[in-house]
Amino acid sequence: MPGSFKISSHQLMILILLYSVGTVILHTPSPLAGFAKQDAWLAALFGTGIALIFVWLYIRVGNLYPDLALDQINEKVFGKLVGKLINLTFFIWSFSTSSETIYYVGNFIETFWMPETPLLALNILLAAVVIFTVRLGLEAFTRTLEIFFIPVLLLLTVFLISIIPESNIQNIQPVFEDGAKPVIRATLFYVSVFTLSPVMFLMIFPSKVSERKKGGKAFYIGTLIGGIILILVIMLDILVLGPDTTARNIAPSYTMAKKINVGNFLMRIEAIIATIWIITTYTRAVMYFYVSVVVFSNIFNIKDYRPFTTALGMIMVFYSSIVFPTVPSSGEFNKNIWLFYAATYGLVMPLLLFITAKLKNIIKKHHHSQQ
């Protein structure tokens, strides 16, 4: 049964780390530099610190009912009807975000590698891989990520070390030139893309993790290492390209990789950053799609989610081709709307769950003590 799998805490850590880096490593430096200029790396630093506080909240919510997934906790705490309504909106969020993620990868490949290829064809190819992965189940997926993990870290290390000679320390000076306000705005943006979406992992944590105590630690470690990687990449984007070029470029990390030249031998290694980005974004797309399919099947009390994967996958392909009419519209959505969208599920929903569950327990205890 696809619902009876268990993953190890090590697999959870790798899944969270790769998920955290996905989409963010390539597209986030540009809007961050747009908001905070040379202080963009500070926004990533503060945002990663805030992420660890959110992880604490998510672990507390998960431990309310350790054997239940997030959508089941919603029904348990808010009641069947209200819980199912919340889960329906949660499904819409995770499903639409999986479509957006497919769009980002397709758009990147079309822009930088295959300008002659129709976006829809690329989206179909990517979605097929995601659908196939989700059909095989999360257990097989996390085992595959274990194979990818070491090569991704090695490639990333090579990339970061190779780019250091190209950096110019003056590009990140002066610190707080325009005061704290731009940094706060940039931090909120970073929080929206990095800190809030791991609420998704409550669909598998702690209910599907074999060592629950270690699972909480893995949640922290995966988030922290992912955050450190992003802080370093964003800082190097600004050190190498400068804040203005970083802000204007839709994929500054990819552009930065083109500048690498170690002794006229190690050159043109932008394929490395693209490979890292595609693997990590694939992880993110699979997670969003998996959550949407599982929540959808649970709304209708169907235990096996797999029959829904192909139909929902086809809708995902169609939606990914119309979700953003133009590339600038996707940037505007991410800058101005995504924060409120993500905060509804990454902040408001877990907080309400936690407070309501605690209040119910207090009322229950009070009721028992009076009897």
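Reader: Let's start with K37. Is K37 buried, partly exposed or exposed?
Author: K37 counts as partly exposed, at 38% relative accessibility. Keep in mind that this is a predicted model.

Reader: Where is K37 found?
Author: In a loop. K37 sits between α3 (29–36) and α4 (40–62).

Reader: And what about the phi of K37?
Author: The phi of K37 is positive, about 50°, although K37 is not a glycine.

Reader: Why point that out?
Author: Because most residues other than glycine have a negative phi.

Reader: Which other residue has a positive phi although it is not a glycine?
Author: N301 does, with a phi of about 55°. N301 is in the loop between α13 and α14 (309–322).

Reader: Buried or exposed, N301?
Author: Exposed. Its relative accessible area is 55%, and the cut-off for exposed is over 50%.

Reader: New topic. How many aromatic pairs does the structure hold?
Author: There are 26 aromatic pairs. One of them joins F108 and W277.

Reader: What are the numbers for F108 and W277?
Author: The centres are 4.9 Å apart, and the planes make an angle of 55°. That pair is tilted.

Reader: Which helices do F108 and W277 lie in?
Author: F108 lies in helix α6 (residues 80–112), and W277 lies in helix α13 (residues 270–299). The two parts are 169 residues apart in sequence, so the pair ties them together.

Reader: Is F108 buried or exposed?
Author: F108 is buried, at 2% relative accessibility. W277 is buried too, with a relative accessible area of 0%.

Reader: And how do the rings of F296 and F300 sit?
Author: Their centres are 5.2 Å apart and their planes are at 65°. The cut-off for edge-to-face is over 60 degrees, so this pair is edge-to-face.

Reader: Buried or exposed, F296?
Author: Buried, with a relative accessible area of 19%. Buried means under 20%, so F296 falls within that class.

Reader: Now charges. What lies over the face of Y19?
Author: R284 does. The distance from R284 to the ring centre of Y19 is 4.5 Å.

Reader: Last one. Which peptide bond is cis?
Author: The bond from F205 to P206 is cis, with omega near -5°. Most peptide bonds are trans.

Reader: Where is P206 found?
Author: P206 is in the loop between α9 (181–195) and α10 (212–241).

Definitions and conventions:
Residues are numbered from 1 along each chain as its sequence is written. This is a predicted model: local features need pLDDT of at least 70, side-chain atom pairs count only at pLDDT 80 or more; totals for chains, interfaces and linings use all residues. Side-chain values use heavy atoms; hydrogens and water are left out. Rings of Phe, Tyr and Trp (its six-membered ring) pair if their centres lie within 6.5 Å; planes under 30 degrees apart count as stacked, over 60 as edge-to-face and the rest as tilted. Helices (H or I, at least four residues) and strands (E, at least two) are DSSP runs, numbered from the N terminus. Buried means under 20% relative accessible area, exposed over 50%, partly exposed in between (1.4 Å probe, protein chains only). A charge sits over a ring if NZ of Lys or CZ of Arg is within 6 Å of the ring centre and within 35 degrees of the ring normal.
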